[in-house]
Amino acid sequence: MRKTKALLHVAEALMQKPAAQHWGYELGREADIRSGVMYPILRRLLDEGWLEDGWEDPATTQGRPPRRYYTLTELGIRELGGLVVHAQGRAPTRSHLREGFAR
Amino acid sequence: VIAELIGLKGLWSTLFMACLVFGFAPGAILRIAVMMFPGDDPRRKELLAELYAVPRWERPVWVAEQLEVTSFEGIAERRRRRRQCFQQQNDAAVSDNSTLPEPAQVVVDRSQFDCESESADFLDFMIKMAG
């Protein structure tokens with residue numbers, strides 16, 4: 001898979017909580033990328049088997065349609081974790097910059 | 001001043017239009033936009049459901065972004081499926097031909113590969129809208 005900055009941002013957002021369910025809108029905000037860029041990445045990650053998707057239980061949605069969520073697979077945690085670690089070793093990532101500005 | 005504003009010509013129609021666009025239209029536009037995805041694509045349901053997670057004041061902008069997503073990805077997905085479908089037709093034609101003892105005209109039952117229906121529902125909708 002082509003390693004892009006946008007992929008790295010999505011990987012960082014996903015790896016903040018590797019075992020959690022991730023939702024499209026929130027993931028876009030955490031990764032700070034447009035949905036026009038994020039959804040194609042999510043699709044590629046699904047195709048690669050790095051992500052799995054599922055649907056919210058309609059019984060718990062209270063009058064709105066069930067949302068789709070994404071969870072990292074073991075392979076995804078390995079691959080995306082490796083990507084994040086590799087990128088952190090090379091250059092300051094966006095989360096590093098945010099921490100830097102926060103200080 | 002308020003009385004003058006209320007009496008201003010066009011105020012109510014402007015207010016009505018603003019309510020329409022910011023209240024009703026984001027959902028309606030998104031429903032039209034997601035039709036660019038093929039009928040069985042989970043992204044249709046996904047985007048409609050995501051709208052409810054977006055804060056109300058962000059919705060018009062978010063929906064505008066989704067127009068970009070659907071117009072590029074939805075059409076690309078339809079094209080990909082059509083190409084795949086025609087590829088299957090061609091593969092079927094080649095495999096039929098290989099079983100024949102001598103060169104013969106290959107007749108493929110195209111009705112079993114319904115490639116055109118991939119875009120039919122959206123096109124039908126657009127034609128109805130235009131009509």
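Trainee: Which helices of chain B each supply at least two residues of the nonpolar patch?
Mentor: Helix H1 (2-7) and helix H2 (11-33) do; helices here are DSSP runs of H or I with at least four residues, numbered from the N terminus. This is a predicted model, in which local features need pLDDT of at least 70 and side-chain atom pairs pLDDT 80 or more, while totals for chains, interfaces and linings use all residues; side-chain values use heavy atoms, without hydrogens and water. Residues count from 1 along each chain as its sequence is written, with chains lettered from A and ligands numbered from 1 in the order written.

Trainee: Nice, and which residues make the patch?
Mentor: Ile2(B), Ile6(B), Trp12(B) and Leu15(B) make it, over about 450 Å². Patch members have over 30% relative accessible area and no salt bridge, with nonpolar side chains (Val, Leu, Ile, Met, Phe, Trp, Tyr) joined within 5 Å and like charges within 9 Å. The areas are Shrake-Rupley values with a 1.4 Å probe, and for residues only the protein chains shown count as cover.

Trainee: Where is Ile6(B), and why does it count as partly exposed?
Mentor: Ile6(B) belongs to helix H1 of chain B. Its relative accessibility is 45%, so it counts as partly exposed, the class between buried (under 20%) and exposed (over 50%).

Trainee: Switching to charges: how many salt bridges are there over all chains?
Mentor: There are 14, each a side-chain nitrogen of Lys or Arg within 4 Å of a carboxyl oxygen of Asp or Glu. One of them joins Arg81(B) and Asp40(B) at 2.5 Å, N to O. That pair links distant parts of the chain, 41 residues apart: Arg81(B) is in helix H4 (residues 59-98) of chain B, and Asp40(B) is in the loop between H2 and H3.

Trainee: Is Arg81(B) buried or exposed, and what about Asp40(B)?
Mentor: Arg81(B) is buried, because its relative accessibility is 16%. Asp40(B) is exposed, at 58%.

Trainee: What does Arg43(B) form with Glu46(B)?
Mentor: A salt bridge, with the closest N and O atoms 3.7 Å apart. Both residues lie in helix H3 of chain B, three residues apart, and both are buried.

Conventions. Buried < 20%, exposed > 50% of the residue type's maximum accessible area, 1.4 Å probe, protein only.
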